[in-house]
Amino acid sequence: MDVRFINAFLEGTINVLKTMAFIEPKPGKPYLKKDGLAKGDVSGIIGLTGMATGSMALSFSEKSILKIVSNMLGEDIKEINGDITDAVGEITNMVSGVARKNLESLGLNILGAIPTVVSGKSHSVSHVMGGPSIIIPFETEDGPFVVDICMSMVKKK
Amino acid sequence: MEIDKNMEILVVDDFATMRKVIKNLLKQAGYKNITEAEDGVAALTVLKSQKINFIISDWNMPNMNGLELLKAVRADNELSGLPFLMVTAEGLKENIVQAVKAGVSNYIIKPFTAEVLSEKIEKTVKSL
């Protein structure tokens, strides 16, 4: 996968969580996704089209997302509820927006769809495109989350 | 020009959580009077029924999006002069050009801090 995609989403994720939730997540080494890995409790997924197509998912562990959304709203949230799923959709949208702006400055115009949110203990996300996906693992003081990217350049006809 | 922190601000966003986030940021910045609407249609109902001094609206919304709301506001004799701050996750040039052409007063790209939001509001009010 083009390293520019990885950098754009990595930077977007850190930027959004730092600005909106006052949390600075620590990225780990990106790796190729294999079955049984990269599970989360709440995920935001967004489709991407344009000069490159694919999808991006943010999968949060319960503890990490409770802390992130509690910080965003300035109130203590103790369980996965509507506020959490709502916020995950918005975080996904923002990360995609920042990443796409970064990619636009590199000459890659990409559009984002409306994000979808799924929740359920320890689920894994499958991308419809079926190509290889790259996982960027992140650690926060309250637990891990991952950014899962499956993207490829559109071949010129 | 002194910014009136008591002015009535309308926050329009289909995500209830994002409205809460913006409300929190506005309160941090000292603004006290905030009304919410979940989309452009609901926003127009509020604008017709109560005094609003400043609109902060998301771009992507169902029913009536931020751009359509902006056009409706600018086309209405009673509302056309209202300052309109567009909030968007789309920092794409094409969208910004579209919003400027439609008469947006200013725009702010998500994510943003209370300081940045406050600066944008002040800049917008001072430019009127």
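Q: Which residues does B:Ala99 touch, not counting residues up to four places away in sequence?
A: B:Ala99 touches B:Leu67, B:Leu70, B:Met86, B:Val104 and B:Tyr107, with residues up to four places away in sequence left out. Two residues are in contact if their C-beta atoms, placed from the backbone, lie within 7 Å. This is a predicted model, in which local features need pLDDT of at least 70, side-chain atom pairs count only at pLDDT 80 or more, and totals for chains, interfaces and linings use all residues. Residues are numbered from 1 along each chain as its sequence is written, while chains are lettered from A and ligands numbered from 1 in the order in which they are written.

Q: Is B:Ala99 buried or exposed?
A: B:Ala99 counts as buried because 21 C-beta neighbours lie inside 10 Å. A residue is buried if 20 or more other C-beta atoms lie within 10 Å of its own, exposed if 12 or fewer, and partly exposed in between.

Q: And where is B:Ala99 in chain B?
A: B:Ala99 is placed in helix H4 (residues 93-101) of chain B. Helices (H or I, at least four residues) and strands (E, at least two) are DSSP runs, numbered from the N terminus.

Q: Switching to B:Leu69, why does that one count as buried?
A: B:Leu69 counts as buried because it has 28 C-beta neighbours inside 10 Å. B:Leu69 lies in helix H3 (residues 66-75) of chain B.

Q: What does B:Leu69 touch, not counting residues up to four places away in sequence?
A: With those residues left out, the contacts of B:Leu69 are B:Val12, B:Gly40, B:Ala43, B:Ser57 and B:Met64. B:Gly40 is 29 residues from B:Leu69 along the chain, and their C-alpha atoms are separated by 5.1 Å.

Q: How many helices and strands does chain B have?
A: Chain B has five helices and five strands. Along the sequence, they follow the pattern β-α-β-α-β-α-β-α-β-α.

Q: What share of chain B counts as buried?
A: Of its 128 residues, 39% count as buried.

Q: How many residues of chain B are in contact with chain A?
A: 15 residues of chain B are in contact with 18 residues of chain A. On the chain B side, eight are nonpolar, four polar and three charged. Ala, Val, Leu, Ile, Met, Phe, Trp, Tyr, Cys and Pro count as nonpolar, Asp, Glu, Lys and Arg as charged, and the others, Gly among them, as polar.
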